[in-house]
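The sequence and the structure are shown first.

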Amino acid sequence: MSEYQVAADALKGKTILVTGAGDGIGKAAAMAYAAHGATVILLGRTVKKLEAVYDAIVEAGYPQPAIVPLDMKGATEQNYKDMAETIAEQFGHLDGLLHNASLLGVLGPFEHTDFGSFNDVMQVNVTAQAMMTKALLPVLRQAPKASIVFTSSGVGRKGRAYWNAYAISKFATEGMMQVLAHECEGSQVRVNSINPGATRTGMRANAYPAENPMDLKTPEEILPVYLYLMSDDSSAENGGQFSAQ
Ligand code: NDP
């Protein structure tokens with residue numbers, strides 16, 4: 001998949017929402033989607049970071065993006081319904097949804113689990129993504145072809161000691177992807193997941209403080225599969241577990 005070459009205008013005319021678009025992989029994916037012609041909806045909790053991505057997209061001459069400031073930890077189902085209505089009014093439909101934002105929480109032995117942090121991780125990584133998907137499905141169904149992409153992790157495919165709520169939430173992410181993909185079979189909506197693999201971001205540095213970040217791929221280097229799953233080249237993919245590296 002790292003060899004995949006996407007056409008320069010592969011996402012022309014598409015509207016794609018990216019969560020956690022202000023930093024790390026989400027920021028790189030949003031920039032790449034815009035560079036390939038998409039109007040991106042930048043969702044995140046830190047407005048300054050979203051504004052910086054917005055400015056970079058506009059300065060590059062890509063389609064004008066939109067910003068949705070939202071903290072997925074506290075957002076309610078009503079917030080997602082309101083957002084879906086606004087997207088329907090402004091864009092008519094949604095062609096792509098990249099669930100990228102997530103929380104690492106606290107890593108450590110199971111006996112030390114702190115349920116405040118555990119619940120925050122489940123809220124942001126699982127419940128908020130389920131609520132957002134439920135609210136956006138009707139707008140996604142309005143698109144000629146729509147793609148929902150969930151972000152998993154190596155520890156969401158094979159459990160590993162001390163990864164606690166984060167790993168559990170990523171298994172739930174894979175489960176949600178499979179349930180939805182099965183429901184969407186035969187429709188114009190497809191649902192898949194990506195494991196980005198070790199990537200040079202703030203989250204990775206928090207998880208592996210002793211690691212040299214320069215040994216890791218940058219977010220920009222892992223984008224081919226992110227572009228593939230949003231382009232019509234992947235129309236036939238549904239229920240797939242992809243790896244970016
Ligand atoms: P970063 O921490 O760099 O970026 C995560 C983004 O999510 C940030 O923009 C952050 O916002 C946003 N976010 C976090 N919490 C919330 C919230 N409550 N509401 C809205 N937005 C929120 O992480 P990565 O880029 O590394 O990770 C992206 C995805 O890839 C995640 O799902 C992660 O689990 C996954 N992943 C990453 C790997 C890696 O090696 N980097 C490996 C495997 C999986 P803010 O900027 O305000 O903090």
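Two strands are taken to pair if DSSP finds at least two bridges between them. In this predicted model, strand E1 (residues 15–19) and strand E2 (residues 39–44) are joined by five bridges and run parallel. Within this pair, Thr 15 stands opposite Thr 39 of E2.

**Overall architecture**

The protein contains seven helices and seven strands. Along the sequence, these elements follow the pattern β-α-β-α-β-α-β-α-β-α-β-α-α-β. The seven strands form an open sheet with parallel pairing, in the order E3-E2-E1-E4-E5-E6-E7.

Along the principal axes, the C-alpha atoms fill a box of roughly 50 × 40 × 35 Å. Of the 245 residues, 44% are buried. Among contacts between residues at least 6 apart in sequence, 71% join residues at least 24 apart.

| Helix | Residues | Number of residues | Expected span at 1.5 Å a residue | Span in the model |
|---|---|---|---|---|
| H3 | 77–91 | 15 residues | 21 Å | 21 Å |

H1 is mostly covered, with 11 of its 12 residues buried. Among them are Gly 24, Lys 27, Met 31 and Tyr 33. The elements covering the buried residues of H1 include E1, E2 and E4, together with helix H2 (47–59), helix H6 (202–207) and helix H7 (224–230). Just after H1, Gly 37 adopts a positive phi of about 105°.

In helix H3, the buried residues are Tyr 80, Met 83, Ala 84 and Ile 87. Viewed down the axis of H3, the buried residues fall within an arc of 100°, so they line one face of the helix. These buried residues pack against E2, E3 and helix H4 (115–140). On the other side of H3, Gln 78 and Glu 89 are exposed. H3 is followed by Gly 92, which has a positive phi near 85°.

Ala 128 lies in helix H4. Why is Ala 128 classed as buried? A residue counts as buried if 20 or more other C-beta atoms lie within 10 Å of its own. Ala 128 has 26 other C-beta atoms within 10 Å and is therefore buried. Leaving aside its neighbours within four places in sequence, Ala 128 is in contact with Met 72, Ala 75 and Gln 123. Ala 128 and Thr 76 are 52 residues apart in sequence, while their C-alpha atoms are 8.0 Å apart in space.

Terms used:
Residues are numbered from 1 along each chain as its sequence is written. This is a predicted model: local features need pLDDT of at least 70, side-chain atom pairs count only at pLDDT 80 or more; totals for chains, interfaces and linings use all residues. Helices (H or I, at least four residues) and strands (E, at least two) are DSSP runs, numbered from the N terminus. Two residues are in contact if their C-beta atoms, placed from the backbone, lie within 7 Å. The expected span of a helix is 1.5 Å times one less than its number of residues. The arc is that of the directions from the helix axis to the C-beta atoms.
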